[in-house]
Amino acid sequence: AVVSTQSTGVFVFHFKFNLYQFVYVCIELSATRFLSTRSNNLRTKMKLILGSSSVWRKKALQDLGYQNFTVISPDIDEKAIRDADPVTLTTKISHAKADRILEILGKDCEPSIVITSDQVIVCNGVIREKPEDRKQAVEFLQSYEHHPAEAVCSVVVVNTKTGQRVHGSDKAVQYFKALPLEFINQLIEQGDVLKCAGGFTIEHMSDYLEKRIGDEDCITGLPGKLTQRLIEEVSK
């Protein structure tokens with residue numbers, strides 16, 4: 001705002017923008033976000049089930065606008081499922097998780113849409129899952145200075161009413177700066193990296209991130225665009 005004075009000593013404010021337009025834009029943006037969230041909840045009238053124990057996938061689904069869903073851990077032996085191709089591996093594990101959730105729900109379950117996902121990190125051509133121990137976590141984190149982390153994430157969505165099952169995969173690549181050993185030890189003490197594929201969580205590493213190719217939510221564990229597309233596909 002620009003201030004000028006009159007002979008009466010009264011201050012007059014000349015606004016460079018229309019205050020009413022500004023308020024209208026703010027209200028419109030808030031309403032758009034509300035309606036987007038509401039439309040996602042209404043679009044899926046069936047019960048929504050996330051088959052995952054991951055807090056990051058739960059948050060990712062909430063970020064898509066879904067607030068009312070049930071979380072069930074599939075609790076399968078992922079190590080029993082192997083494949084040399086990361087897309088095939090994560091797809092197989094996601095299907096196995098979906099199978100387990102369907103088994104838990106039973107044949108007479110309430111009509112639901114089940115979402116499962118799995119992720120691995122590929123670094124210098126090698127598939128990485130969760131680090132087995134602290135030593136391996138350190139090795140993983142130190143290596144990202146030299147080679148980027150490619151996240152490969154697959155999603156399976158099942159409509160229990162129709163039996164329709166669809167899947168898809170997404171990829172994203174994250175580059176890192178050199179990580180000081182002191183910072184690596186702090187990450188490991190914090191605990192989350194031991195629960196994540198590739199042994200890292202970008203949420204705690206903002207000062208050491210460089211360029212990223214692909215979507216952030218693929219790296220955090222549940223690709224939003226892919227998941228939404230699959231949900232819509234089984235909801236038709």
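Strand β3 and strand β4 (residues 70-71) run parallel and are joined by 2 bridges. Across that pairing, L50 stands opposite V71 in β4. To get from β3 to β4, the chain goes through helix α2 (residues 55-63), and this β-α-β crossover is right-handed. Keep in mind as you look around that this is a predicted model.

β3 (residues 47-50) has another partner too: it pairs with strand β5 (residues 112-123) in the parallel sense, over 4 bridges. One spot to look for here is I49, whose bridge partner in β5 is V114.

Strand β7 (residues 149-159) and strand β8 (residues 165-176) run antiparallel, with 10 bridges joining them. The two form a hairpin with 5 residues between them, and in the turn G163 has a positive phi of about 85°. β8 is also joined to strand β9 (residues 209-213), again antiparallel, by 3 bridges.

Here are some bridge partners to find in the structure:

| Residue | Bridge partner |
|---|---|
| I49 | V114 in β5 |
| V152 | K171 in β8 |
| V173 | I213 in β9 |

Now for a pair of helices. How do helix α4 (residues 134-143) and helix α5 (residues 181-190) cross? Their axes come within 10 Å and cross at roughly 130°. An angle of 65 to 115 degrees would count as roughly perpendicular and one over 145 as roughly antiparallel, so α4 and α5 are oblique to each other. As for handedness, α4 passes α5 in a right-handed crossing.

Which residues meet there? From α4 come R134, A137, V138, L141 and Q142, while α5 brings L181, I184, N185, L187, I188 and E189. Sorted by kind, the residues of this contact divide into 7 nonpolar, 2 polar and 2 charged.

Technical notes. Residues numbered from 1 in each chain as written. Predicted model: local features only at pLDDT ≥ 70, side-chain atom pairs only at ≥ 80, totals over all residues. Heavy atoms only, no water. Pairing = 2+ DSSP bridges. Right-handed = clockwise from strand over helix to strand, strands pointing away. Axes fitted to C-alpha atoms, helices over the stretch in contact; angles between N-to-C directions. Parallel < 35°, antiparallel > 145°, perpendicular 65-115°, else oblique. Left-handed = near helix turned anticlockwise from the far one by under 90°. Contact = heavy atoms within 4.5 Å. Nonpolar A, V, L, I, M, F, W, Y, C, P; charged D, E, K, R; others polar.
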